[in-house]
Amino acid sequence: MKRFKIAVIPGDGIGNEVTAEGIKVLDAFAAYKGNIGFDYEFFPWGCEYYLKTGNMMEEDGLKTLEKFDAILLGAVGDPSVPDHISLHGLLIKIRQGFNQSINLRPVKLLPGAPCPLKDKKPEDIDFVVIRENVEGEYSGVGGIRFPDRPEETAIQTSVFTRKNTEKIMDYAFKLAQKRNKFNKVTNVTKSNALNYSMVFWDKIFQEVAGNYEEITTETTHVDAVSMYFIQKPEAYDVLVASNLFGDIITDLGAALQGGLGFAASGNLNIEKEYPSMFEPVHGSAPDIKDKGIANPMAMIWTAKMMLDFLLEDSDTEAIIKAITEVLVEGKTLTPDLKGNAKTSEVGDAVCEKLKSILG
Ligand code: NAD
Ligand code: IPM
Ligand code: MN
């Protein structure tokens, strides 16, 4: 029996609601397997914790998290705390502190999910965005000069290191090999305007591409990528993007796959020196919190990604199959999918399907 220690940070808003459903599915999967189990420890970190303590997490929170095999996070953010404080105090702190340099974000339209593009079918929308996750535009380097004076000036500097840029590019190429779809990597850039950072980014892309002659490459500016996602999503296989561009295009990707209720992600420390963290792409959705109507499918898919990182087991595909069956059946869907089911009913329905698929 292999047991995994999972740190669970439900966070704010719908974070709690969806995390419970991810755990339900993890436990259903473990029960079927019989030879794995999860020991969860819950951390009440988030905006409420901040309002009580002045910190988003324990001061030595990273030390506490270090001993876990993985972290499952719901969402962070509440209107009572400025977003840059809450996010830099918890989510971004963990990503950067644990050098989770790869943000893996699949964009895949499941049968039964509502794609906003007419005529696009599940086989047309199936790609992965590799988002740089620890530096770039999110490096936190900068400051305010001459605060509150007429000359007041804000400076926010992007930082791109060769080591990290090479690493994420290399990961993207290896993933394209493994996926074996078009054997193609798209470099998302903006080197026409960003004449240091993105010119450097493109140079590293070309260098790394030289190690993968069998992989086709293309370089496209992020504005054009945004247009092509709508016009020809079927053209994509693996994309590699900087932190900010990757953030923006993956919400667009989420829309292509039926909404934020489907977008899953993993923040990977591929060296396995620190735990990796798994979280849906969506936020804390204050507009629907405490109603029990958030779509938990993104979190359930995220839990599947966590399993894939911890185990090599093709049975995890059954989780995607179970979500798909619930979608196609159309009886147990949350309001974002025009249903009237509760979050927990969707979790239960996915578990039921999973049990019958796995037998
Ligand atoms: P959001 O993702 O929370 O919500 C955008 C819209 O999508 C809302 O209408 C919301 O109701 C809907 N939505 C999101 N997830 C859903 C789900 N699972 N089911 C049904 N509908 C869903 O983005 P936002 O409104 O820009 O941000 C709200 C807060 O969350 C802010 O504080 C923001 O900083 C934070 N945020 C956190 C994360 C994270 O923790 N990973 C990600 C994005 C935003
Ligand atoms: C995401 C979110 C975060 C990001 C925010 C909340 C800091 O939008 O994970 O996509 O920009 O990385
Ligand atoms: Mn985002």
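Helix α6 (residues 162-179) and helix α7 (residues 197-209) pack with their axes 9 Å apart and at an angle of about 50°, where axes are lines fitted to C-alpha atoms, for helices over the stretch in contact, and angles run from 0 to 180 degrees between N-to-C directions. This is a predicted model, in which local features need pLDDT of at least 70, side-chain atom pairs count only at pLDDT 80 or more, and totals for chains, interfaces and linings use all residues. Residues are numbered from 1 along each chain as its sequence is written, while chains are lettered from A and ligands numbered from 1 in the order in which they are written.

Helices (H or I, at least four residues) and strands (E, at least two) are DSSP runs, numbered from the N terminus. α6 and α7 are therefore oblique to each other; angles under 35 degrees count as roughly parallel, over 145 as roughly antiparallel, 65 to 115 as roughly perpendicular and the rest as oblique. Their crossing is right-handed, the near helix being turned clockwise from the far one by less than a right angle. On the α6 side Arg162, Thr165, Glu166, Met169, Asp170 and Phe173 meet Trp201, Ile204, Phe205 and Val208 of α7, contact requiring that C-beta atoms, placed from the backbone, lie within 7 Å.

The α10 contact joins Val18, Thr19, Glu21, Gly22, Val25, Leu26 and Phe29 of α1 to Met299, Ile300, Thr302, Ala303 and Leu307 of α10. By class, these residues divide into 8 nonpolar, 3 polar and 1 charged, with Ala, Val, Leu, Ile, Met, Phe, Trp, Tyr, Cys and Pro counted as nonpolar, Asp, Glu, Lys and Arg as charged, and the others, Gly among them, as polar.

Two ligands have residue shells of their own, a residue being near a molecule if its C-beta atom, placed from the backbone, lies within 6 Å of it. Of the 22 residues around ligand 1, those that come nearest are Gly77, His282, Gly283, Ala285 and Asn295, and this shell divides into 12 nonpolar, 6 polar and 4 charged residues. Around ligand 2 lie Leu87, Leu91, Ile92, Asp247, Val281 and Gly283, which divide into 4 nonpolar, 1 polar and 1 charged.

An unreviewed UniProt entry annotates residues 5-350 as "domain: Isopropylmalate dehydrogenase-like", and such annotations may be inferred rather than shown by experiment. Over residues 5-350 the chain is 39% helix and 21% strand, with the end C-alpha atoms 24 Å apart.

Conventions:
Contact = placed C-beta atoms within 7 Å.
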